[in-house]
Amino acid sequence: QVWFNLAWTGVTARTNPVVQALLARGRDFTEADKLPLLEVQRQTVATIIPRWKALADKGVVELSASPYYHPILPLLCDTDLARSADPSSPLPASRFRWRSDAEAQIRLATAAHERRFGAPPAGMWPSEGSVTAEILPLVRAAGLRWLVSDEAILWKTLAGSAATRPTSPPSPTTPTFCPGPTFQCASGEYMVMPAHNNGATAASCSVCGILSTNFSSTTIWFE
């Protein structure tokens with residue numbers, strides 16, 4: 001158990017003398033060794049929200065939330081939306097359509113975030129990256145400016161073929177210019193910002209400016 005907790009102790013916490021002593025010993029741990037290590041972890045975890053809040057207050061980062069109980073928002077709106085991702089998906093015998101549940105999950109998440117950070121989240125990372133056009137108005141109505149999902153979802157939405165999808169992503173320092181698409185709604189446009197699989201890549205468009213993205217994420221940016 002001591003080794004397990006040491007393995008999950010991050011770089012910053014490893015500067016703590018308690019952690020350094022345990023790492024240096026490397027064996028023959030006892031229950032008494034575990035207790036001070038757990039206390040270091042508790043102290044470290046207690047600093048996470050204040051540190052991110054301080055960065056957000058300075059404008060260094062934008063913070064995201066996730067739906068409150070981590071549901072799949074499109075399926076709360078309509079279980080039949082499973083077939084928009086995979087037409088062969090089995091569906092429940094009784095169709096479930098509770099848009100108000102999805103709205104509540106977003107509302108509870110933004111409220112909890114504001115209680116902890118003193119401001120609402122800038123965007124949302126949907127559970128499992130699950131997005132459909134049907135949830136975009138709900139997210140926008142909650143005051144969120146962007147969603148993050150997966151690049152594969154973007155290309156499936158575009159019906160991109162193997163010939164059109166990039167197979168050799170640019171370097172992380174090369175801006176990727178966004179060709180669209182946009183999802184229209186009564187209050188404005190939804191701009192989808194693609195990223196690439198090889199790490200942090202800047203995405204740019206004339207509407208949104210430069211946006212830094214990571215890994216294979218795709219940011220849906222509201223304007």
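Reader: OK, what does the protein average for pLDDT?

Author: The average is 77, and 69% of the residues score at least 70. pLDDT is the predictor's confidence in each residue, from 0 to 100.

Reader: And where is confidence lowest?

Author: In strand E5 (residues 182–185), with a mean of 31, whereas helix H7 (residues 99–117) is highest at 97. Helices (H or I, at least four residues) and strands (E, at least two) are DSSP runs, numbered from the N terminus. Over residues 169–216 pLDDT stays under 50. Where pLDDT is low, the predicted coordinates should not be read in detail.

Reader: Noted. How many helices and strands are there?

Author: Nine helices and nine strands. Of the 223 residues, 36% count as buried (under 20% relative accessible area; exposed is over 50%, partly exposed in between, with a 1.4 Å probe and protein chains only).

Reader: Which residues have the most contacts inside the largest nonpolar core?

Author: That core has 16 residues, and Leu73, Cys77, Ala102, Ile106, Met124, Ile135 and Leu147 have the most contacts inside it. H5, H7 and helix H8 (136–141) each give two or more residues to this core. A nonpolar core here is a set of buried Ala, Val, Leu, Ile, Met, Phe, Trp, Tyr and Cys residues joined through side-chain atoms within 4.5 Å.

Reader: What is Ile135 in contact with?

Author: Leaving aside neighbours within four places in sequence, Ile135 is in contact with Leu73, Pro74, Cys77, Ser130 and Leu147. Contact means heavy atoms within 4.5 Å.

Reader: Switching topic: how many aromatic pairs?

Author: Three, counting rings of Phe, Tyr and Trp (its six-membered ring) with centres within 6.5 Å; planes under 30 degrees apart are stacked, over 60 edge-to-face and the rest tilted. Trp3 and Phe29 have ring centres 5.6 Å apart and planes at 80°, so they are edge-to-face. Trp3 is in helix H1 (residues 2–7) and Phe29 in the loop between helix H2 (17–25) and helix H3 (31–46), 26 residues apart.

Reader: Is Trp3 buried, exposed or partly exposed, and why?

Author: Trp3 counts as partly exposed because its relative accessibility is 43%. Phe29 is partly exposed too, at 21%.

Definitions and conventions
Residues are numbered from 1 along each chain as its sequence is written. Side-chain values use heavy atoms; hydrogens and water are left out.
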